[in-house]
Amino acid sequence: VLIRGAELEGHGGLDVRVHGDRIAAIGAGLDRDPGEPVLEARGAALLPGLHDHHLHLFALAAAGTSLRCGPPQVRDRAQLVAALREAARGAPPGWLRGIGYHESVAGPPARELLDALLPDRPLRVQHRSGALWALNSAGIAALGLDAGIDAPGVERDPAGRATGRLYRLDGWLRERLDSRAFPALDAVSERLARCGVTGVTDATATNARCEWGALSAAVERRELRQRLLVMGSPELPESAQPRLRRGPLKLLLDERELPAPESLQDAIAAAHRTGRTVALHCTTRAELVVATAALGAAGARAGDRLEHASVAPPDLVEQIAQLGLTVVTQPGFLYERGDAYAREVEPRDQPWLYRARGFLEAGVPLGAGTDAPFGEPDPWQAMRAAVERRSAAGLELAPPERLTPEQALALFTTPADDPGGRPRRLQPGGPADLCLLDRPWARARRVLVRECVRATLCAGELVWCRDDWRVE
Ligand SMILES: [Zn+2]
C-alpha cells in the first residue's frame with residue numbers, strides 16, 4: 001500500500017510505502033509501483049497505531065452481551081428492576097449476567113438485594129470495579145455455594161452462609177458456568193480498530209495457561225488483529241508468535257485485605273528471578289503505599305508498573321520516581337466516573353486523583369489504558385479527558401494535572417513493553433502499525449474524537465477503513 005500526501009510529525013506532503021508488515025519507505029513523491037493500492041491521505045495526519053496499555057479482552061467481549069446495571073444507563077433501584085425484568089423476559093432460561101453495578105444505584109450488592117430485584121432465576125452482577133460478583137439465592141443454589149462448594153473469595157456470614165459476594169473469582173466462575181466458552185474477539189477487535197488501536201495489553205490478573213491458549217488462538221486465527229501483550233499469572237508461557245507477547249506478572253492489591261508485606265515482596269522477587277517484571281494494581285492511597293513499599297523492599301526493576309495509581313499524593317509520587325516505576329493511568333475515568341469521584345473521594349485526595357502532569361513533572365514514565373470494559377474502549381475519549389479533566393456533567397477534576405493533546409497522545413503511542421517510554425515513531429524498516437486520521441493534527445488535537453480516525457493498519461494489513469473512503 002502507498003499512503004500518499006500524509007502529514008508525519010507536523011511535516012506535510014509525505015508518502016509512506018507499506019510492504020509486508022513493515023514501512024518500506026517514507027518520502028516526498030514516491031513512485032507508485034505497478035498495481036500498488038493507494039490511500040490518498042490528502043494532508044491528514046498519519047500516526048503510529050495506538051496501544052491501549054490496560055484492558056481486559058474477554059471481559060470486554062462478554063460485556064457486549066451483558067446487561068448494564070450501573071450509571072449512566074441505570075441510576076436507581078427502579079431503573080435496575082425495570083432493566084432486569086426486561087432482560088429476563090427476552091432471555092432464554094438460565095443465568096442472567098449484569099455488569100457495571102455501583103452502590104449509588106441500590107446500595108451494597110449482596111444476595112438479599114438481588115433476591116428482592118429478581119428472585120426467580122440465577123443472577124450475577126459484577127461491580128464496576130471488577131473486583132466482585134454478587135449473586136442472588138438462585139445463583140448461589142445453582143453454584144452449590146450453600147451445599148458444600150467453596151473457593152477462596154466466596155464471602156460467608158458468621159453462620160457460614162454465602163452472602164452472595166464473590167471476590168476475584170472470574171476464572172473460577174467461568175469454569176463452573178460456561179467452561180470452554182471464551183467469547184469471540186472479532187467484534188472487539190473491530191471496535192478497537194475503528195479507534196486506530198493496533199496493539200493492546202490484556203491486564204487480567206487471572207490470565208493463566210487456559211486464557212493464554214484462547215488468546216493465542218484468537219491471534220493466530222486473526223480474530224484479534226491487534227498485537228497483544230498478555231499480563232497474568234506466573235504460569236504464562238513464553239510466546240512463539242511475533243504478534244503475541246508475554247507481559248508482566250500482574251499482582252492485585254485489595255484494600256479490603258491487603259497482603260502481608262513479605263508475601264508481596266516474595267512474589268515480586270520470584271517474578272524478577274524468572275526474568276519477568278511486575279504490574280501492581282493499586283487504586284487507593286493505602287494500596288499504593290503497600291505497593292511502593294513492597295517494590296522498594298524487593299528491589300524495583302526497570303519495567304515494573306503500577307496500574308491505576310488512582311490516588312497519588314506528592315510523597316508517593318516522589319517514591320515512585322525514585323524507584324523508577326512506570327505508571328499506567330486511566331484518564332477516561334475522569335470523564336466517565338468523575339461525577340461520582342467528586343462526591344465520594346475524600347477532599348484531601350481530590351487533588352491527587354488520576355494525576356498526569358504531576359507524574360511527568362516528577363520524571364515518572366506514564367502510559368495509559370482504557371481499562372475496558374470497566375471504561376469505554378476508546379483511547380480518544382481518554383485523551384480528551386486527560387486534556388480537559390472534566391466529568392460527563394462538566395465538573396473539573398484536579399485541573400492542574402491537565403496534559404497537552406500531544407502529551408495525551410503520547411500516553412497511547414509508547415511501546416507495549418515500555419508504556420512510559422519514548423513514543424514510537426514511523427520510520428523505514430519499522431512496523432507498519434498505523435493510524436491514519438482524516439485531518440491534519442492541528443485540527444485533530446482540538447477535538448480528540450475517534451471520528452477523526454480514517455483507516456487503521458495492523459502489521460501492514462488494512463484492518464479498518466471508514467466506509468466512505470476506499471483504497472484507490
Ligand atoms: Zn483493569
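Residues are numbered from 1 along each chain as its sequence is written. Because the model is predicted, local features need pLDDT of at least 70 and side-chain atom pairs count only at pLDDT 80 or more, while totals for chains, interfaces and linings use all residues; side-chain values use heavy atoms, with hydrogens and water left out.

Helices (H or I, at least four residues) and strands (E, at least two) are DSSP runs, numbered from the N terminus. Two strands are said to pair if DSSP finds at least two bridges between them. In general, strands of a sheet pair through backbone hydrogen bonds, either parallel or antiparallel.

An open sheet of six strands shows mixed pairing, and its order is β7-β8-β9-β10-β12-β11. The edges are taken by β7 (67-68) and β11 (154-156); each has a single partner strand, so one side of each is left without a neighbour in the sheet. Within this sheet, β8 (residues 96-101) and β9 (residues 123-127) are parallel and share four bridges. Leu-96 has Leu-123 of β9 as its bridge partner. Helix α2 (residues 77-90) lies across β7, β8 and β9 and runs at about 150° to β8. Such angles run from 0 to 180 degrees between N-to-C directions, and the axes are lines fitted to C-alpha atoms, for helices over the stretch in contact. Contact means heavy atoms within 4.5 Å.

A further open sheet has four strands, with antiparallel pairing and the order β5-β20-β21-β22. Here β5 (46-48) and β22 (461-465) stand at the edges with a single partner strand each, so one side of each lacks a neighbour in the sheet. From one strand to the next, the twist averages 25°. Strand β5 runs antiparallel to β20 (residues 434-437), and three bridges join them. Leu-47 has Cys-435 in β20 as its bridge partner. Helix α7 (residues 186-194) packs on the sheet, where it touches β21 (453-458) and β22, and its direction makes about 80° with that of β22.

Antiparallel pairing also joins β2 (residues 11-19) to β3 (residues 22-27), through five bridges. Val-18 stands opposite Ile-23 in β3. The hairpin of β2 and β3 has two residues between the strands, and Gly-20 takes a positive phi near 60° there.

Helix α12 (residues 332-344) has 13 residues, which at 1.5 Å a residue should span 18 Å; the end C-alpha atoms are 18 Å apart, which agrees. The expected span is 1.5 Å times one less than the number of residues in the helix. A kink of about 75° in α12 is centred on Gly-338. The bend at a residue is the angle between axes fitted to the seven residues ending there and the seven starting there. Buried residues (under 20% relative accessible area; exposed is over 50% and partly exposed in between, with a 1.4 Å probe and protein chains only) are defined by accessibility. In α12 the buried residues include Phe-333, Leu-334, Gly-338 and Tyr-341. The buried residues of α12 pack against α14 (379-388).

The loop between α12 and α13 (357-361) holds Asp-349. Asp-349 counts as buried, because its relative accessibility is 7%. Leaving aside residues up to four places away in sequence, Asp-349 touches Arg-285 and Val-311.

The whole structure contains 32 salt bridges. A salt bridge is a side-chain nitrogen of Lys or Arg within 4 Å of a carboxyl oxygen of Asp or Glu. One of them joins Arg-4 and Glu-40, with the closest N and O atoms 2.8 Å apart. This pair links distant parts of the chain, with Arg-4 in β1 (residues 2-8) and Glu-40 in β4 (residues 38-40), 36 residues apart. Arg-4 is partly exposed, at 27% relative accessibility.

In another salt bridge, the closest N and O atoms of Glu-461 and Arg-222 are 2.3 Å apart. Glu-461 lies in β22 and Arg-222 in the loop between α8 (209-220) and β14 (227-232), 239 residues apart. Both are partly exposed, Glu-461 at 29% and Arg-222 at 39%. Glu-396 and Arg-402 also form a salt bridge, with the closest N and O atoms 2.5 Å apart. Glu-396 is partly exposed at 43% relative accessibility, and Arg-402 is partly exposed at 29%.
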